[in-house]
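Subject: Structure handover

Hello,

Here is the structure we spoke about, with my notes below it. Please look through it before you read on.

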Amino acid sequence: MALKEQVFELHELISGMVESIDALYTAFLYNNASIVEGIEGGLGRASERSTALTEGLMAEKKGEPRAGLYVSVPSHVGRMGEGIASIASSMKAKMRENVLFSDRAMSEIEFMFGWVRDILANARDLVLAPNILVARHMAEAEAALEKMADEYATRHEERLIEGLCAPKASQLYIQMIDAFKGIAWHAKEIAKDLGR
């Protein structure tokens, strides 16, 4: 497969992730398990394709040096897909067990959805058109997201200590926050590779 085709496939995989985040956000707002179940099947595709794409890019690198920039991208895409699957799994457990989040936790998770969606959209665009300015922006956005996620986790611990949050809600909340951080980190790594 030529470099151009592989790059377009990476773009399509990340586009699917942006759509998945949008769908999960809607499911989160409306507590709709059927939306979550509807997207789970497509989430495994990134992980399945990452090995084949990496091998294809390694082979392409011999004739097209620019392919070397993309060699690590498929594995990061696969890991972002795993992060989105983790969010979906946490949401299913939340809905299945009728776990309620506090208003503060709800707004923090909503904020994380928006932030990660923007980072993924930038990663999707960067795959087609590597740009050092977009890469820098993504690195800054990831650092800010990580800092905010850590602050959210600290506030969450305080809510748990005060008895404002149930242990099961706490576990699911932390799993989601960690997944958002992981997705952003892998997107930043893509930016680091392509923004040279």
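Glu 142 and Lys 188 are both buried, where buried stands for under 20% relative accessible area, exposed for over 50%, and partly exposed for anything in between (1.4 Å probe, protein chains only). Their side chains form a salt bridge, with N and O 4.0 Å apart; the term covers a side-chain nitrogen of Lys or Arg within 4 Å of a carboxyl oxygen of Asp or Glu. This pair links distant parts of the chain, since Glu 142 belongs to helix H5 and Lys 188 to helix H6 (residues 167-194), 46 residues apart.

Before the rest, two notes on how to read this. The model is predicted, so local features need pLDDT of at least 70 and side-chain atom pairs count only at pLDDT 80 or more, while totals for chains, interfaces and linings use all residues. Residues are numbered from 1 along each chain as its sequence is written, and side-chain values use heavy atoms, with hydrogens and water left out.

Other salt bridges

By the rule above, the count is 13 salt bridges. In general, side chains of opposite charge can pair when their charged atoms come close.

Another of these pairs is Glu 108 with Arg 155, whose closest N and O atoms are 3.6 Å apart. Glu 108 sits in helix H4 (residues 103-128) and Arg 155 in helix H5 (residues 132-161), so the pair ties together parts 47 residues apart in sequence. Glu 108 is buried at 1% relative accessible area, whereas Arg 155 is partly exposed at 29%. Both residues also belong to a network of salt bridges that links Glu 108, Glu 151, Arg 155 and Arg 159.

Arg 96 and Glu 97 also meet through their side chains in a salt bridge, at 3.7 Å from N to O. Arg 96 is exposed, with a relative accessible area of 58%, and Glu 97 is partly exposed at 38%.

A buried isoleucine

Ile 87 is in helix H3 (residues 73-96) and is buried, at 0% relative accessibility. Leaving out residues up to four places away in sequence, Ile 87 touches Ile 21, Leu 24, Phe 113, Met 176, Ala 179, Phe 180 and Ile 183; contact here means heavy atoms within 4.5 Å.

The chain as a whole

The chain has six helices and zero strands, in the order α-α-α-α-α-α along the sequence. Helices (H or I, at least four residues) and strands (E, at least two) are DSSP runs, numbered from the N terminus.

The C-alpha atoms fill a box of roughly 60 × 30 × 20 Å along the principal axes.

Of the 196 residues, 46% count as buried. Among contacts with a separation of 6 or more, 81% are between residues 24 or more positions apart.

Regards
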